[in-house]
Amino acid sequence: MHYPFLVADKIYLRRLQKEDLEGNYFQWLNDQTITKWMRHGVFPNSCESIKAFYENQSASKTDIVLALVLKEQDRHIGNIGLHSINYVFSSAEIGIIIGETDCWGKGYASEAISVLAYHCFNRLNLNRLAAGAVDENIGSIRAFEKSGFSREGISRQAYFCEGQYHDCVNLSLLHSEWLAGRAHGSI
Ligand SMILES: CC(C)(COP(=O)(O)OP(=O)(O)OC[C@H]1O[C@@H](n2cnc3c(N)ncnc32)[C@H](O)[C@@H]1OP(=O)(O)O)[C@@H](O)C(=O)NCCC(=O)NCCS
């Protein structure tokens, strides 16, 4: 492991580094299969745009992007971000991408969300975590639900993907629910 920050069973999270921009990361956000149910992939991602994004988020205290790395091969397979961190309302939003498609369906997203949630409630003193997913993005919805998130509503026709408007499923996890879930051993 290199510079681990949050360590789970099969994966760990660390700060995104400049070298990560040279890897496959750049292409994940151009790949129409990966971005099918995302806001990304609408306009082409360029070297310059990803570097500008990196510089912005490096200095930000309200948006943090962490590299999601497989412990076994020390392979950078995706990113998980904490966005719109609000220190008054103690809330934030989580976004995730597993860019290496051979790593889908192996439980890595669920692990990453769970270990980040632990950090949010245990160290960052947050009270509410939110996430949104296109209604057809079953893997994403399920990964958040496995980590203790509940569906709290729908934003109607909030996305346009695959030629049609799609509802966004809004999910959230409160500190109190997270504590109760841990006490019951369900998350
Ligand atoms: C969505 C995504 C994050 C899921 O990551 P993942 O590592 O494959 O998810 P996990 O392996 O932790 O799976 C979580 C659950 O969803 C299920 N699942 C995963 N992909 C699925 C799919 N395509 N269809 C149905 N179920 C799926 C898993 O079986 C698991 O449920 P289970 O434990 O009850 O069997 C990943 O596929 C991805 O990054 N996709 C592209 C980008 C994206 O859509 N990001 C999310 C934007 S909101």
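Where is Asp74 found, that is, in the loop between which two strands?

Mentor: Asp74 is found in the loop between strand 3 (64-70) and strand 4 (75-86), where strands (E, at least two residues) and helices (H or I, at least four) are DSSP runs numbered from the N terminus. Before going further, please keep in mind that this is a predicted model, in which local features need pLDDT of at least 70, side-chain atom pairs count only at pLDDT 80 or more, and totals for chains, interfaces and linings use all residues. Residues are numbered from 1 along each chain as its sequence is written, and side-chain values use heavy atoms, with hydrogens and water left out.

Most residues other than glycine have a negative phi. At 28% relative accessibility, Asp74 counts as partly exposed, a class that lies between buried (under 20% relative accessible area) and exposed (over 50%), with a 1.4 Å probe and protein chains only. Gln157 is not a glycine either, and has a positive phi of about 50°; this residue lies in strand 7 (residues 150-161) and, at 52% relative accessibility, counts as exposed.

Where they meet (heavy atoms within 4.5 Å), Ala117, Tyr118 and Phe121 of helix 3 face His175, Trp178 and Arg182 of helix 5.

Helix 3 also meets helix 4 (residues 138-146), and here the axes come within 8 Å and cross at roughly 45°, so that helix 3 and helix 4 are again oblique to each other. On the helix 3 side this contact is made by Ala109, Ser110 and Ile113, and on the helix 4 side by Ala143, Phe144 and Lys146.

Aromatic rings are the last feature to follow. Rings of Phe, Tyr and Trp (its six-membered ring) pair if their centres lie within 6.5 Å, and planes under 30 degrees apart count as stacked, over 60 as edge-to-face and the rest as tilted. By this rule there are five aromatic pairs. One of them is the tilted pair of Tyr25 and Trp28, at 5.6 Å centre to centre and 45° between the planes. Being three residues apart in helix 1 (residues 25-28), Tyr25 and Trp28 are separated by about one helical turn; Tyr25 is buried at a relative accessible area of 3%, and Trp28 is buried at 3% as well. Tyr118 and Trp178 form an edge-to-face pair, with 5.8 Å centre to centre and 70° between the planes, and this pair links distant parts of the chain, with Tyr118 in helix 3 and Trp178 in helix 5, 60 residues apart. Tyr118 is partly exposed at 36%, whereas Trp178 is buried at 5%. Ring pairs link Tyr118, Phe121 and Trp178 into a cluster.

Terms used: Axes are lines fitted to C-alpha atoms, for helices over the stretch in contact, and angles run from 0 to 180 degrees between N-to-C directions. Angles under 35 degrees count as roughly parallel, over 145 as roughly antiparallel, 65 to 115 as roughly perpendicular and the rest as oblique.
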